[in-house]
Amino acid sequence: MILISFDIDGTLEEGDPPGILSMDFVREAKILGHFVGSCSDRPISAQRAMWARHGIEVDFAVSKHMLAEVKSQFPADVYYHIGDREDLDKRPAEQAGFEFLWPNEAMERPWLSCWLAGPRSRA
């Protein structure tokens, strides 16, 4: 089992500024059975509203400093946080015991890259 935490701003297409990862990328992670959620500086209510607008039921939506709590609540083999900032994403993720990926690195992972094209192209 894999848990994937997404930063929003600068990481997801919905972010401000927009990132390179599509909402379909997140949606496919859910379809594949992974734990998925957000860890952002945005208020939790704003994170949940964003997910609801896109019809994605996430497992968690938390503030940046809560990654360690997420890890303790969800048993997984691997924990990833995908973000775009050294100080606000990479450092806290590694301190919480997560592996960190920049958005472009997430796109390059063989087990993630098929998500970007959407379900129809994986035939």
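**Helices across an open parallel sheet**

Trainee: Which strands does helix 4 lie across?
Mentor: Helix 4 (residues 86-95) lies across strand 4 and strand 5, and runs at about 160° to strand 5. Please keep in mind that this is a predicted model.

Trainee: In what order do the strands of the sheet come?
Mentor: The sheet is open and is formed by 5 strands in the order 3-2-1-4-5, with parallel pairing.

Trainee: And which strands stand at the edges?
Mentor: Strand 3 and strand 5 (99-101) do. Each has a single partner strand, so one side of each is left without a neighbour in the sheet.

Trainee: How are neighbouring strands turned against each other?
Mentor: On average the angle between neighbouring strands of this sheet is 25°, with direction ignored.

Trainee: How many bridges join strand 1 to strand 2?
Mentor: There are 4 bridges between these parallel strands. In one of the pairings, Ser5 has Gly37 of strand 2 as its bridge partner.

Trainee: What stands opposite Gly37 in strand 3?
Mentor: That is Phe60. Strand 2 and strand 3 also run parallel, joined by 4 bridges.

Trainee: Through which element does the chain cross from strand 2 to strand 3?
Mentor: The chain passes through helix 2, and this β-α-β crossover is right-handed. Helix 2 lies across strand 2 and strand 3, at about 150° to strand 3.

Trainee: Which residues of helix 2 are buried?
Mentor: In helix 2 (residues 44-53), the buried residues are Gln47, Met50 and Trp51. Viewed down the helix axis, they fall within an arc of 95°, so they line one face of the helix. Ser45, Ala52 and Arg53, on the other side of helix 2, are exposed.

Trainee: What covers that buried set?
Mentor: The cover over the buried residues of helix 2 includes helix 1 (23-31), strand 2 (35-40) and strand 3 (60-63).

Trainee: Changing topic: which residues touch the most other members of the largest nonpolar core?
Mentor: Phe6, Leu12, Val26, Trp51 and Ile82 do, in a core of 19 residues. Two or more residues come from each of strand 1, helix 1, helix 2 and strand 4 (78-82). Helix 1 gives the most, with 4 residues.

Trainee: What is Leu12 in contact with?
Mentor: Leaving aside neighbours within four places in sequence, the contacts of Leu12 include Phe6, Val26, Met50 and Trp51. Pro17, Pro18 and Gly19 are also among them.

Trainee: You named Pro17. Where does Pro17 lie?
Mentor: Pro17 lies in the loop between strand 1 and helix 1. A cis peptide bond joins Asp16 and Pro17, with omega about 10°.

Trainee: Is Asp16 buried or exposed?
Mentor: Asp16 counts as exposed, because its relative accessibility is 63% and the exposed class begins over 50%. The place of Asp16 is in the loop between strand 1 (2-6) and helix 1.

Trainee: With which residues is Asp16 in contact, leaving aside neighbours within four places in sequence?
Mentor: Asp16 is in contact with Asp9, Gly10 and Arg42.

Technical notes. Residues numbered from 1 in each chain as written. Predicted model: local features only at pLDDT ≥ 70, side-chain atom pairs only at ≥ 80, totals over all residues. Heavy atoms only, no water. Buried < 20%, exposed > 50% of the residue type's maximum accessible area, 1.4 Å probe, protein only. Arc of directions from axis to C-beta. Contact = heavy atoms within 4.5 Å. Pairing = 2+ DSSP bridges. Right-handed = clockwise from strand over helix to strand, strands pointing away. Core = buried A, V, L, I, M, F, W, Y, C linked by side-chain atoms within 4.5 Å. Axes fitted to C-alpha atoms, helices over the stretch in contact; angles between N-to-C directions.
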